[in-house]
Amino acid sequence: MPYITNTDMRLEVISIQHLWAGYDHEPVLENINLSVKELDFIGLIGPNGSGKTTLFKVLLGLLAPMQGEVRIMGMSVKKGRRYLGYVPQTVEFDRAFPINVWDVVLLGRLGKRQLLQPYTAKDKECVAEALRSVEMLHLRDRSISELSGGQRKRVYIARALATEPKILLLDEPMAGVDPHVETHIYELLKHLNERITILMISHDIGAIASCVKTVGCLNRRLYYHGEKQITPEMLQMVYQCPVDLIAHGIPHRVFPRHLTEEINR
């Protein structure tokens with residue numbers, strides 16, 4: 001069962017302690033420590049190849065740690081990963097394949113039933129609710145190939161929600177989505193965060209700042225203090241070059257109330 005820390009009465013839904021992970025005996029993640037609490041909305045930023053997707057693979061049980069311990073809802077990854085909903089960065093599909101929105105989201109119920117068992121009334125209810133939550137139920141019969149990029153992204157979020165997750169993992173959710181659609185999806189994520197914990201990874205600092213509650217920097221090592229503000233030193237360690245931080249609210253300027261005095265000079 002998940003447990004409660006001494007300093008925060010919220011349940012700890014993910015615990016990562018001294019995690020090392022990588023490929024072919026070469027570590028990509030080094031000594032990662034992270035505690036994710038119930039209804040957190042954490043954004044992890046970092047450059048391409050920094051280990052963000054590798055971290056998700058570990059949480060999903062697709063990659064075994066080299067060292068360290070990972071617990072999900074107080075359980076091992078093998079048992080706890082059933083509480084995770086995952087939205088990948090890209091989804092490859094055959095545009096000629098005749099599958100509609102409803103059936104794509106219904107795939108999220110596969111893990112909830114026995115092999116060859118027909119879908120139940122509960123499965124259909126969960127799919128309908130998932131589509132309703134992303135405002136796509138009215139397009140349930142539309143072919144997935146006929147949707148815009150933003151609409152497909154909503155469908156893939158609905159597919160993850162159909163698994164009835166406690167935690168939603170989002171890998172670059174705005175990849176291939178235009179800025180106008182980004183705003184609507186971020187509003188959707190804020191709404192979902194009222195009942196679901198969200199962990200989102202991105203390389204786009206400006207985009208991720210618009211809706212998360214706290215932000216961390218990841219590039220092999222994790223720099224996270226449970227706050228939304230990031231110091232220039234943290235970014236320089238992650239991006240290996242000087243990074244300017246400017247006040248949020250002006251186009252392309254992120255992270256409020258940071259370096260205010262320097263900005264005003």
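Arginine 220 counts as partly exposed because its relative accessibility is 32%, where partly exposed falls between buried (under 20% relative accessible area) and exposed (over 50%), with a 1.4 Å probe and protein chains only. The model is predicted: local features need pLDDT of at least 70 and side-chain atom pairs count only at pLDDT 80 or more, while totals for chains, interfaces and linings use all residues. Residues are numbered from 1 along each chain as its sequence is written, and side-chain values use heavy atoms, with hydrogens and water left out.

**Overall**

- The protein has nine helices and 10 strands; these are DSSP runs numbered from the N terminus, with helices being H or I of at least four residues and strands E of at least two.
- Of its 265 residues, 49% count as buried.
- Among contacts (heavy atoms within 4.5 Å) between residues at least 6 apart in sequence, 65% join residues at least 24 apart.

- Arginine 220 sits in the loop between β9 (214-219) and β10 (221-223).
- Phi of arginine 220 is near 70°, a positive value in a residue other than glycine.
- Most residues other than glycine have a negative phi.
- Asparagine 31, in strand β3 (residues 26-37), also has a positive phi, near 55°.
- Asparagine 31 is partly exposed, at 30% relative accessibility.
- The side chains of glutamate 30 and arginine 220 form a salt bridge of 2.9 Å, N to O; the term means a side-chain nitrogen of Lys or Arg within 4 Å of a carboxyl oxygen of Asp or Glu.
- Glutamate 30 lies in strand β3 and arginine 220 in the loop between β9 and β10, so this pair ties together parts that are 190 residues apart in sequence.
- Glutamate 30 also forms a salt bridge with arginine 221, with the closest N and O atoms 3.5 Å apart.
- Arginine 221 is in strand β10, so its pairing with glutamate 30 in strand β3 ties together parts 191 residues apart in sequence.
- Glutamate 30 is buried, at 17% relative accessible area, whereas arginine 221 is partly exposed at 36%.
- Tyrosine 223, in strand β10, is partly exposed at 21%.

- The structure holds nine salt bridges.
- One of these joins the side chains of aspartate 123 and arginine 109 at 2.8 Å, N to O.
- Aspartate 123 is in helix α4 and arginine 109 in the loop between α3 (101-106) and α4, 14 residues apart.
- Salt bridges that share partners join Arg109, Lys122, Asp123 and Glu164 into one network.
- Aspartate 123 and arginine 109 are both buried, with aspartate 123 at 3% relative accessibility.
- Leaving out residues up to four places away in sequence, aspartate 123 touches Arg109, Arg113 and Pro118.

**Arginine 140**

- Arginine 140 is in the loop between α4 and α5 (149-161) and is partly exposed at 33%.
- Beyond four places in sequence, arginine 140 touches Asn100, Val101, Trp102 and Leu131.
- The C-alpha atoms of arginine 140 and valine 104 are 9.5 Å apart, across 36 residues of chain.
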